[in-house]
Amino acid sequence: MEQEEYTKEEIDWSYIEFIDNQDILDLIEKKPGGIIALLDEACMFPRSTHETFAQKLYQTYKNHKRFSKPKLARTDFTICHYAGDVTYQTELFLDKNKDYVIAEHQALLNASTCCFVSGLFPPLAEDSSKSSKFSSIGSRFKQQLQSLLETLSATEPHYIRCVKPNNILKPAIFESTNVLQQLRCGGVMEAIRISCAGYPSRRTFDEFIDRFGLLAPGVLDGSCDEVTASKMLLEKAGLDGYQHE
C-alpha cells in the first residue's frame, strides 16, 4: 500500500521487491488442488485416514517449493512460510474437519425459546440448508475469512498490533528473539524496510511551513507561495532525501 501511495502521488520512485505469500495462500486454499480442498475430498471417503491424506499431499506437492516432508515423519508435513517453516501433524485432521453442526440440529437449536441458545445457532442461509453438499470446518472458515476481507475492503480499518513480550505471561520480562519473530511473522519488519527506503513522513505545504518555518524565518517574508517557501526552507536547512508533489 505504501508503494501504491507513491504511484498515486506521482513520486519519482523505484519499486521495491517484497516477499509475497500469495503462493502459500494458493497452496493452502486454492480450489481445486489446495490443501483444504484435498482435506475436504478425503473427508467424503469413508475409508480415508490421516495416513492416506498425508500420502496424497506428498504426491500432489512433491515438487512444490513451499511444501516439504520431514525426514523422520510418516504423516507430518511442513509449509515454508515466508517468516519460517511450520510443521503440521495430520493426526485428527479428518475428524476435526468433519466436526460440523448437522443442519437439522442447527434448525432445532435455533428454534429454542432461550435467546442465548438460539443466538449461538443462527439460521442457515437458504442455499446452504437446501444443499446436501458436505460442509466442512475448513470450508466454513474460508467463507468467514472471505466475508471478513470483503468487510475490510469496504472500510478503512486501523490495526492495533499486539506483541507478547514473553511466553510465560510474567511482567518485566522481554524476550527479544521472540518479539522479533512475532514482528517478522506479522509482516511488520517487511513494512518497515519499505517505509525506511521510501518517504514515510508526509505533510501538506502549509503544515510544513507552520512546523519548520522557525528554522529559517528570513525565508517567510510573504512574497512567495507555499510551495516555493517550502523548497526554500529545505534548501536553507541543507536537507535532501525529499520529494514534493
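Q: How close do the axes of helix α12 and helix α13 come, and at what angle do they cross?
A: This is a predicted model, and in it the axes of α12 (residues 205–212) and α13 (residues 226–237) come within 9 Å and cross at roughly 45 degrees.

Q: Okay, so what do you call α12 and α13 relative to each other?
A: Oblique: angles from 65 to 115 degrees would count as roughly perpendicular and those under 35 as roughly parallel, so α12 and α13 are oblique to each other.

Q: Is the crossing of α12 and α13 left-handed or right-handed?
A: α12 passes α13 in a left-handed crossing.

Q: And which residues meet there?
A: From α12 you get Phe205, Asp206, Phe208, Ile209 and Phe212. They meet Glu226, Val227, Ala229, Ser230, Leu233 and Leu234 in α13. The contact residues split into 8 nonpolar, 1 polar and 2 charged.

Q: Switching to strands. What order are they in within the sheet?
A: It's an open sheet of 3 strands, β1-β2-β3, with antiparallel pairing. β1 (67–68) and β3 are at the edges with a single partner strand each, so one side of each has no neighbour in the sheet.

Q: How many bridges join β2 to β3?
A: 6 bridges, between residues 76–81 of β2 and 84–89 of β3. A hairpin of 2 residues connects β2 to β3, and cysteine 80 sits opposite aspartate 85 in β3.

Q: What about β1 and β2, how many bridges there?
A: β1 and β2 pair over 2 bridges, in the antiparallel sense. Phenylalanine 67 stands opposite isoleucine 79 in β2.

Note on methods
Residues numbered from 1 in each chain as written. Predicted model: local features only at pLDDT ≥ 70, side-chain atom pairs only at ≥ 80, totals over all residues. Heavy atoms only, no water. Pairing = 2+ DSSP bridges. Helix = DSSP H or I, 4+ residues; strand = E, 2+ residues; numbered from the N terminus. Axes fitted to C-alpha atoms, helices over the stretch in contact; angles between N-to-C directions. Parallel < 35°, antiparallel > 145°, perpendicular 65-115°, else oblique. Left-handed = near helix turned anticlockwise from the far one by under 90°. Contact = heavy atoms within 4.5 Å. Nonpolar A, V, L, I, M, F, W, Y, C, P; charged D, E, K, R; others polar.
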